[in-house]
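Please read the following points beside the coordinates. They are meant as a careful colleague's note.

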Amino acid sequence: MAYRLSWVDAAKGILIVFVAMVHIVGRGEELNISCPAIDAIGPVASVLCFRMPAFFILAGFWGKYDISFKDFLTKNAKGILLPLIIFSYLGGIVYEISYELLKGSYNAGALEWPFLGISLDYWFVLALFIAKCVYWVINRISRKQWIRLIICLGLYVFGVATLNMGFLPNFACWKWALVMLVYLSVGQWIKEKIDGWRLLLVSLPVFLVGYLFYRWQGMDIPYPNGGMKYINWATALPSFLLCTAGSYVFLKLCSFIKHARVLEFIGRNTLAIYVMHWWIEILAMKVMRNFFSQGIFMSTLATLNTLALAVFVPCLISELLNCPKLRWIIGKP
């Protein structure tokens, strides 16, 4: 598969940009900020409703499950949990420093209070870590891909069932992990099929028909998100089909990307962006609050500036920590 690493990074870059875009809408609601550009994000981003499953599918591309569980656990703890902790705490510190620098700016009235919110409750990261550990066990049960897929589908059904079991606490987002686990197995399957065309002829109409049906009916598209509010018994199967078909179509198109250095750069730093982008969006939107009400041009420019800052500031912090003398901080040799 030519340029495999390049296009995979580019695909991750596109997906994380859409994640940051969607969260701008949420920040706007929290800060009572609205403009045509922000209002347009929802409909545009809904096309990539499969963005979180697609991340799991890409994780399934490269998972190595033929090592001991101790080595597997250590490797993934260093690669997933340690960066989560470092980026979360470092992000909180940078946020506080930024607040102190900005609170005396021309728009100081928009910065009402300092808020140092250090949290490790990032559902996607925790669910990915747990799902990968569970999938290691499944790989020990069977080496046959179709058996692993059946087991994951069974756990998917069980995961959907647990969503309504309020008496079961969702420690470390384990319920979310069971729902998303199946996409790791799908990722291994798609990796083998990505160079062909037959699956595209099936996936494209499945996604388009399903997506357009939900839009036509005015119904919420059943995709997995932080609250899993769209996933239930009625939507479990449509959600799985839509996310699998949509992810394949998206990744197939991305596989034609030869060189996209900016997207690849963003894609290599998705974890940092995911953990830190929210507070950057809050600060940026507070500082530029007045611009969001100054016409289409200025409000759109403010929205784009917010998105650019939310994406590239974490990238720069991540690149700094990846330099040879600091790599040990995030668990890299």
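1. Leaving aside its neighbours within four places in sequence, Trp123 is in contact (heavy atoms within 4.5 Å) with Met52, Cys173, Trp176, Met180, Asn225, Gly226, Met228 and Tyr274. Trp123 and Tyr274 are the residues with the most contacts inside the largest nonpolar core, which has 112 residues. Such a core is a set of buried Ala, Val, Leu, Ile, Met, Phe, Trp, Tyr and Cys residues joined through side-chain atoms within 4.5 Å; buried means under 20% relative accessible area, exposed over 50%, and partly exposed in between, with a 1.4 Å probe and protein chains only.

2. This is a predicted model, in which local features need pLDDT of at least 70 and side-chain atom pairs count only at pLDDT 80 or more, while totals for chains, interfaces and linings use all residues. Residues are numbered from 1 along each chain as its sequence is written, and side-chain values use heavy atoms, with hydrogens and water left out.

3. Helices here are DSSP runs (H or I, at least four residues), numbered from the N terminus. In helix α9 (residues 236-254), the end C-alpha atoms are 27 Å apart, which agrees with the 27 Å that its 19 residues should span at 1.5 Å a residue, the expected span being 1.5 Å times one less than the number of residues. Of these 19 residues, 15 are buried, and α9 is thus mostly covered.

4. Val202, Val206, Leu237 and Leu241 form a nonpolar patch on the surface, with about 340 Å² of accessible area together, and α8 (198-217) and α9 are the elements that give two or more residues to this patch. Patch members have over 30% relative accessible area and no salt bridge, and nonpolar side chains (Val, Leu, Ile, Met, Phe, Trp, Tyr) are joined within 5 Å; a salt bridge is a side-chain nitrogen of Lys or Arg within 4 Å of a carboxyl oxygen of Asp or Glu. The areas come from the Shrake-Rupley method with a 1.4 Å probe.

5. Two backbone values deserve a look, since most residues other than glycine have a negative phi. Ala172, in the loop between α6 (145-162) and α7 (174-193), has a positive phi of about 55°, and it counts as partly exposed because its relative accessibility is 42%. Met228, in the loop between α8 and α9, has a positive phi of about 50°, but Met228 is buried, with a relative accessible area of 3%.

How values were computed. Patches are made of residues with over 30% relative accessible area and no salt bridge: like charges are joined within 9 Å, nonpolar side chains (Val, Leu, Ile, Met, Phe, Trp, Tyr) within 5 Å.
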